[in-house]
Amino acid sequence: MARIQQIGGRQRGLGRSRRRGGGRPMSEINVTPFVDVMLVLLIIFMVAAPLLTVGVPIDLPKTAATALPSDSEEPLTITLTSSGELQIQTTPTPREELIPKLRAIAAEREGRRIFLRADGAVSYKDVMEVMGALNASGFSNVGLVTDTGGPTLDQSEQ
């Protein structure tokens, strides 16, 4: 048996010690490691998210138009660079292969919306040729991508 010693009016066992709560398991969950992991993941996603956009460097013209509403399907983007090169999303595509590739893509997609990103230095004729190819490929809803904050017809900045 354990010896009991009297200290200050309280009895204290010197032998076996008992756990607080009579030997029941602890029912509290330590959430600190979970919060630490979630904060690290949040920082990783905040840094990586801007890198996931379509990254073809072009100088978009500025306009006063507002942004189009987005739909559930990932938008298909055609890019016309200042040197006249065409890209579907980020894949370089020769002009003669544009219509067959777009027809194959249109057969697999539900929506007919497509976005055209053209460098501001590209001539109007080249942009209209690409828009005609998009229409011939089955994409009837073409959105032209621009930067916001450009001048309006009354020469005021927005």
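Q: Where does G120 lie?
A: G120 sits in the loop between β7 and α3. Keep in mind that this is a predicted model.

Q: Why is G120 called partly exposed?
A: Its relative accessibility is 47%. Buried means under 20% and exposed means over 50%, so at 47% G120 counts as partly exposed.

Q: What is G120 in contact with, leaving aside its neighbours within four places in sequence?
A: That would be D59 and P61. As for T146, which is 26 residues away along the chain, its C-alpha atom is separated from that of G120 by 9.1 Å.

Q: What makes R117 buried?
A: R117 comes in at 12% relative accessibility. The cut-off for buried is under 20%, so R117 counts as buried. Its place is in strand β7, residues 113–118.

Q: How do you know that the side chains of R117 and T79 make a polar contact?
A: The distance between them is 3.5 Å. A polar contact needs a pair of N or O atoms within 3.5 Å, one able to donate a hydrogen and the other to accept it, and the R117–T79 pair is listed as such a contact.

Q: What makes β7 mostly covered?
A: 6 of its 6 residues are buried. R113, F115 and R117 point one way, while I114, L116 and A118 point the other way, and all are buried. In a regular strand, side chains alternate between the two faces of the sheet.

Q: How do you know that β7 pairs with β4 and with β8?
A: Count the bridges: 5 join β4 to β7, and 5 join β7 to β8. Two strands pair if there are at least two bridges between them, so both cases qualify. Both pairs run parallel. For example, A118 in β7 is the bridge partner of L80, and I114 stands opposite V142 in β8.

Q: Why is the pairing in the sheet called mixed?
A: The open sheet has 5 strands in the order β6-β5-β4-β7-β8, with mixed pairing. Its edge strands are β6 (91–93) and β8 (141–145), each pairing on one side only. β5 and β6 pair in the antiparallel sense over 3 bridges, whereas β4 and β7 run parallel.

Q: What makes R95 and E129 a salt bridge?
A: Their side chains meet at 3.9 Å, N to O. The cut-off is 4 Å, so the R95–E129 pair counts. The pair links distant parts of the chain, with R95 in helix α2 and E129 in helix α3, 34 residues apart.

Q: How do you know that E129 and K125 are about one helical turn apart, and what else joins them?
A: They are 4 residues apart in helix α3, which means a separation of about one helical turn. E129 also forms a salt bridge with K125, the closest N and O atoms being 3.6 Å apart. Salt bridges that share partners join R95, K125 and E129 into one network.

Q: Why is K125 called exposed but E129 partly exposed?
A: K125 has 55% relative accessibility, and exposed means over 50%, so K125 counts as exposed. E129 has a relative accessible area of 40%, so it is partly exposed.

Notes:
Residues are numbered from 1 along each chain as its sequence is written. This is a predicted model: local features need pLDDT of at least 70, side-chain atom pairs count only at pLDDT 80 or more; totals for chains, interfaces and linings use all residues. Side-chain values use heavy atoms; hydrogens and water are left out. Helices (H or I, at least four residues) and strands (E, at least two) are DSSP runs, numbered from the N terminus. Buried means under 20% relative accessible area, exposed over 50%, partly exposed in between (1.4 Å probe, protein chains only). Contact means heavy atoms within 4.5 Å.
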